[in-house]
Amino acid sequence: MKRGLLYFRPDQVAALRMVVAFCVTFPFCLRQFAKIDKSRWKYIAVVGVFGSGLPAILFTTAQTRVNSSLAGMLNSLTPVFTLLIGAFFFRTRFSLMQILGVIAGFLGAAALVLINAQGNISSDAEFALLIVLATLFYGISVNTIKTHLGGINSFLISGFALMIVAIPYGIYLFSTDFVNRLATNPDAWLGFSFVATLAIMGTAVSNILYFQLVKIASPLFASAVTYLIPIVALMWGVADGETLNFLHIPAMIVILGGIALISYKKVGKVEFQKQEKPSE
């Protein structure tokens, strides 16, 4: 995302991301319209707008003034909003263990980001709030999928949700100077490749996997994968030659412990009745 922003405006990066992701997934959904009941389209629209469309522009705009460390920490608010929205608007019940898991996961992710950034997370507050708003929208999307789209293939949810946002985004994209940038700046094609990679792997493929996880698990557990993003980023950094701080280890353990608490399910005691010997 940050490398794409070197060549295109935030709104262009967001629009291009949605259009490319749509082009990748939609050909596989083209003949599947009949499988979607008319009553489900409004929920697919909610997933498209709140799960992809609005967060895309919020994140790209925020990344112009917010450093990656703060963005990573704020992105970890997704499970928090998933829990709150699920409890207040979808009547989802959560256990004390899950609530503690959300708190532990967020604290672990925040610690990991702060250690990695050496405490430097300064940025413009109003731009940081854009990421907070995006995580709120993610919470709406994930609860909608679990509550209203459980019986629909995750590939179809992703493809049709992207269709709803990609069409207006595409119209807007080609009304800007996007084509002119590609035509006049040879390096812009490198930026295009960065955004295309983000769209294919970070939107199209990840949406399909994420939506499937939401369907087979709980919305809270699925959103908890957000806590793993700082760990994955840290591992990429180590692979790229960065140093692993010994304080990273306990922070990662806290994150994994939080996810374990979120996925914890109390197993009830099973009682067996002694069978009576049949009378002869």
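# Close-up legends

**View 1. Asp 11 is buried, at a relative accessible area of 15%.** Buried here means under 20% relative accessible area, exposed means over 50%, and partly exposed is anything in between (1.4 Å probe, protein chains only). You're looking at a predicted model, so local features need pLDDT of at least 70 and side-chain atom pairs count only at pLDDT 80 or more, while totals for chains, interfaces and linings use all residues. Residues are numbered from 1 along each chain as its sequence is written, and side-chain values use heavy atoms, with hydrogens and water left out. Asp 11 pairs with Arg 9 in a salt bridge, with 2.8 Å between the closest N and O atoms; the term covers a side-chain nitrogen of Lys or Arg within 4 Å of a carboxyl oxygen of Asp or Glu. Arg 9 itself is partly exposed, at 30%.

**View 2. Arg 9, Asp 11, Asp 177 and Arg 181 make up a salt-bridge network.** The structure has three salt bridges. Arg 9 meets Asp 177 at 3.4 Å, N to O. That pair ties together distant parts of the chain: Asp 177 sits in the loop between α7 and α8, Arg 9 in the segment before α1, and they are 168 residues apart. Helices are DSSP runs (H or I, at least four residues), numbered from the N terminus. Asp 177 also bridges to Arg 181, at 3.1 Å, N to O. Asp 177 is partly exposed, with 30% relative accessible area, and Arg 181 is partly exposed too, with 23%.

**View 3. The largest nonpolar core holds 41 residues.** A core is a set of buried Ala, Val, Leu, Ile, Met, Phe, Trp, Tyr and Cys residues joined through side-chain atoms within 4.5 Å. Phe 8, Val 47, Leu 149 and Phe 160 have the most contacts inside this core. Elements giving two or more residues include α1 (10-25), α2 (41-62) and α6 (125-148). The biggest contribution, 10 residues, comes from α7. Skip its neighbours within four places in sequence, and Val 47 still touches Ser 52, Ser 141, Thr 144, Ile 145, Leu 149, Ile 157, Ala 161 and Phe 211, contact being heavy atoms within 4.5 Å. A second, separate core of 18 residues includes Val 66, Met 73, Leu 74 and Val 113.

**View 4. Helix α4 runs over residues 78-89 and leads to Arg 91.** With 12 residues, α4 reaches 16 Å from first C-alpha to last, close to the 16 Å expected at 1.5 Å a residue; the expected span is 1.5 Å times one less than the number of residues. Its buried residues include Phe 81, Leu 83 and Ile 85. Most residues other than glycine have a negative phi. Arg 91, not a glycine, has a positive phi of about 55 degrees. Arg 91 lies in the loop between α4 and α5 and is exposed, at 77%.

**View 5. Gln 98 belongs to helix α5 (residues 96-116).** Gln 98 is buried, at 13%. Beyond neighbours within four places in sequence, Gln 98 contacts Arg 93, Leu 220, Leu 261 and Ile 262.

**View 6. Val 24, Ile 200, Met 201, Val 205 and Leu 209 form a nonpolar surface patch of about 410 Å².** Patch members have over 30% relative accessible area and no salt bridge, with nonpolar side chains (Val, Leu, Ile, Met, Phe, Trp, Tyr) joined within 5 Å. Areas come from the Shrake-Rupley method with a 1.4 Å probe. The largest share, four residues, is from α9. Val 205 lies in α9 and is partly exposed, at 33%.

How values were computed
Patches are made of residues with over 30% relative accessible area and no salt bridge: like charges are joined within 9 Å, nonpolar side chains (Val, Leu, Ile, Met, Phe, Trp, Tyr) within 5 Å.
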